[in-house]
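Biologist: I'd like to go through this model with you. Can we start with how the parts of each chain meet?

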Amino acid sequence: MPGADKETDLSERIESFLSELKRCGSGAGSLRGSAETARETTALLRRITAQARWGNAGDLMEIIRKEGRRMTAAQPSETTVGNMVRRVLKIIREEYARSRGSTEEADQQESLHKLLTSGGSSEDNFRQHFAHLKANVIEAINELLTELEGTTDNISMQALEHIHSNEVIMTIGRSRTVEAFLKDAARKRKFHVMVAECAPFCQGHEMATSLSKEDIETTVIPDAAIFAVMSRVNKVIIGTQTVLANGGLRAVNGTHTLALAAKHHSTPLIVCAPMFKLSPQVSDTPVQSHLHDLVKLTSILSKVNAHGPVFDYVPPELITLFISNIGGNAPSYIYRLMSELYHPEDHEL
Amino acid sequence: MTRILISSSANISDQLVEYFRAQIREDPDVASAVAAIRSLLEFLKREQSETILGLRENMTKAIHRLEETDSSVAVSSGGELFLRFISLTSLEHPDLSQCKNVMIERGELFLKKISLSRGKVGKLCHTFIKDGAKILTHSSSRVVLKVLENAAADNKRFTVYVTESQPDSAGKLMAQKLCNLNIPVTVVLDAAVGYIMEKVDLVIVGAEGVVESGGVINKIGTYQMAVCSKAHNKPFYVVAESFKFVRLYPLNQQDVPDRFKYKADILKTVKDLNQEHPMIDYTPPSLITLLFTDLGVLTPSAVSDELIKLYL
């Protein structure tokens with residue numbers, strides 16, 4: 001039966017995606033960038049919308065939520081998966097509201113105003129069936145995919161406004177977004193980049209090699225030298241793994257040190273992060289301690305304990321500006337961007 | 001529920017005050033703003049004005065009467081919210097009798113929702129309390145109590161330090177309530193906040209009012225605690241329901257209106273307020289880490305957004 005084939009094909013794809021996610025985390029570093037993960041998650045969700053059996057918006061949301069929970073459980077540190085699931089849930093809610101013809105698509109959030117003026121139940125159980133809902137949702141997801149593809153370019157386009165000639169920029173580790181950002185600015189300006197190598201895997205080395213290929217003057221420094229060199233730096237530009245709801249960051253280890261050094265010298269700290277990295281979590285302690293395999297220490301591992309956390313929490317007070325594909329924003333504004341991207345009921349999948 | 005007979009329309013405002021006091025007597029756990037709004041709704045059902053303008057005027061007078069009884073910020077914000085509620089409803093339904101029915105219906109619904117607010121806040125906040133945490137709180141707050149109750153029910157182990165909070169020693173009351181929940185609690189002097197700050201992991205306080213800037217108005221001593229926690233880099237959390245949001249924008253302590261600072265009877269009898277002790281102070285938003293409300297976890301800058309959405 002063709003229906004059953006489609007279903008098994010769909011569940012196969014979901015299983016293979018889940019196993020890929022699980023493999024990524026246990027390996028050294030990340031084998032794929034977050035942009036790719038976001039794109040693949042969205043494509044998979046589109047496939048689920050197209051092929052799974054559902055009668056109304058409520059069923060579809062349940063299916064997506066269930067798959068979303070499994071995907072986030074497979075790799076909790078990869079928050080882009082959960083973020084994309086939440087985006088798609090918001091898309092479904094919006095398309096449903098639009099099909100019903102209600103004008104409150106903009107005001108889906110809880111607010112004092114809503115509390116006062118809603119007469120009758122504001123509970124929408126999404127049980128009505130609309131014939132065109134599937135097509136509308138798939139079209140909206142396609143738009144989301146197009147947006148995802150353009151994020152790095154949108155961010156790099158803003159580079160010239162922030163980088164001026166003869167500046168010294170500092171960065172840490174390897175971020176594809178920052179790489180594209182700096183390369184775009186290098187087409188028209190001459191500046192100097194200092195890359196902190198970010199032990200123990202030293203992704204900073206790859207970043208430096210890649211930047212020097214574009215004729216950018218690059219210097220690699222060890223992490224311990226960050227503070228010493230900071231007085232000569234004009235700006236710090238970094239990428240991040242996740243942007244938290246309070247405007248803080250979960251970024252690669254060493255970023256908090258870099259941020260504190262920048263604060264001490266009053267150097268602006270700019271974070272280049274696309275919108276799909278924005279997560280509704282507000283936590284300053286890690287959900288799990290992700291630890292590196294500190295393979296270089298094998299000789300002493302029998303005698304001492306080794307602790308190598310993968311991510312740092314950077315509080316919002318240390319950050320000057322967020323540059324995302326929709327423009328530049330202050331950390332205190334992140335809550336607002338988040339309320340536009342996700343529905344509050346979806347914060348907990 | 002006590003029932004009060006209507007004797008004459010002139011005494012309606014006295015009945016209102018009686019109703020309000022009865023609410024607080026019967027259920028000491030109810031938030032004063034909720035009791036105020038319930039009393040105002042009852043007033044709405046009984047009053048006899050012929051026009052919407054008359055209705056608004058009567059309401060405004062009733063709210064003033066309530067504020068004279070209990071001068072806390074919460075009653076004032078509850079009253080203003082109710083007035084706003086009436087204006088919004090009357091805009092949609094210009095006919096008075098239809099308007100009144102809609103108002104009463106919506107009012108009941110609104111009351112039902114805000115009675116659940118405290119539970120929502122409790123559920124949101126208790127995840128921020130980790131096992132083994134040492135918490136500092138100020139004076140007696142029913143919302144903070146609910147949060148700690150939820151955390152204890154979640155089998156988290158934590159200890160609490162409460163300030164005595166003079167002049168009414170409300171902190172001792174809080175300590176008693178926490179003892180009843182089997183939570184280890186220690187009462188400290190108000191002056192000992194700086195001393196104890198190095199031991200604690202986080203500070204959670206309630207609020208009587210949340211102002212437009214994102215700052216809070218709370219029992220005197222809260223500002224001191226916030227400054228200390230900033231100096232020691234400890235997170236300072238405020239838990240408040242959304243009906244406490246009030247349209248004030250104080251720039252410093254002097255800007256907070258006198259009618260909130262002192263108790264109602266003192267305002268009426270005393271001539272020189274400079275000799276009196278204020279009961280509340282203002283904590284600016286720069287010292288607050290996060291606000292937990294029934295609208296979600298908000299940064300102080302998000303508060304003014306919420307207020308704008310309401311009063312647009």
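Modeller: Start with chain B, where 21 residues of domain 1 are in contact with 19 residues of domain 2. Contact here means heavy atoms within 4.5 Å. The model is predicted, so local features need pLDDT of at least 70 and side-chain atom pairs count only at pLDDT 80 or more, while totals for chains, interfaces and linings use all residues; side-chain values use heavy atoms, with hydrogens and water left out. Residues are numbered from 1 along each chain as its sequence is written, and chains are lettered from A and ligands numbered from 1 in the order in which they are written.

Biologist: Where are the bounds of domain 1 and domain 2 in chain B?

Modeller: Domain 1 of chain B is 12–114 and domain 2 is 121–311. Those bounds come from an automatic or database domain assignment. The centres of domain 1 of chain B and domain 2 of chain B, taken over C-alpha atoms, are 27 Å apart.

Biologist: How much area do domain 1 and domain 2 of chain B bury between them?

Modeller: About 1600 Å², with 58% of it on carbon and sulfur atoms. Buried area is the accessible area (1.4 Å probe) that two parts lose on being put together, summed over both. On the domain 1 side of chain B, Ser71(B), Val73(B) and Arg84(B) lose the most area to domain 2, together 34% of what that side buries.

Biologist: Which elements of domain 1 of chain B supply at least two residues of the side that touches domain 2?

Modeller: In chain B these are α2 (32–46), α3 (52–69) and α4 (73–92). Helices (H or I, at least four residues) and strands (E, at least two) are DSSP runs, numbered from the N terminus. The largest share of that side of domain 1 of chain B comes from α4(B), with eight residues. By class, the residues on that side of domain 1 of chain B are nine nonpolar, seven polar and five charged. Ala, Val, Leu, Ile, Met, Phe, Trp, Tyr, Cys and Pro count as nonpolar, Asp, Glu, Lys and Arg as charged, and the others, Gly among them, as polar.

Biologist: Now chain A. What are the counts there?

Modeller: Chain A has domain 1 (3–103 + 128–148) and domain 2 (155–341). Between them, 18 residues of domain 1 of chain A are in contact with 19 of domain 2. Domain 1 and domain 2 of chain A bury about 1400 Å², 53% of it on carbon and sulfur atoms. Salt bridges between the two domains of chain A come to zero, and five residue pairs are in polar contact across that interface, both at pLDDT 80 or more.

Biologist: And which element gives the most to the side of domain 1 of chain A that touches domain 2?

Modeller: α4(A), with seven residues.

Biologist: Which peptide bonds are cis?

Modeller: Among them are Ala199(A) to Pro200(A), with omega near 0°, and Gln166(B) to Pro167(B), with omega about 10°. Pro200(A) sits in the loop between β2 (192–196) and α9 (203–213) of chain A. Pro167(B) is in the loop between β2 (158–163) and α8 (170–180) of chain B.

Biologist: Last one. What does Phe130(A) touch?

Modeller: Leaving out residues up to four places away in sequence, Phe130(A) touches Tyr96(A), Ser99(A) and Arg100(A). Phe130(A) lies in the loop between α5 (112–117) and α6 of chain A.

Note on methods: Salt bridge = Lys/Arg side-chain N within 4 Å of Asp/Glu carboxyl O. Polar contact = N/O pair within 3.5 Å; in protein donor to acceptor, adjacent residues only side chain to side chain.
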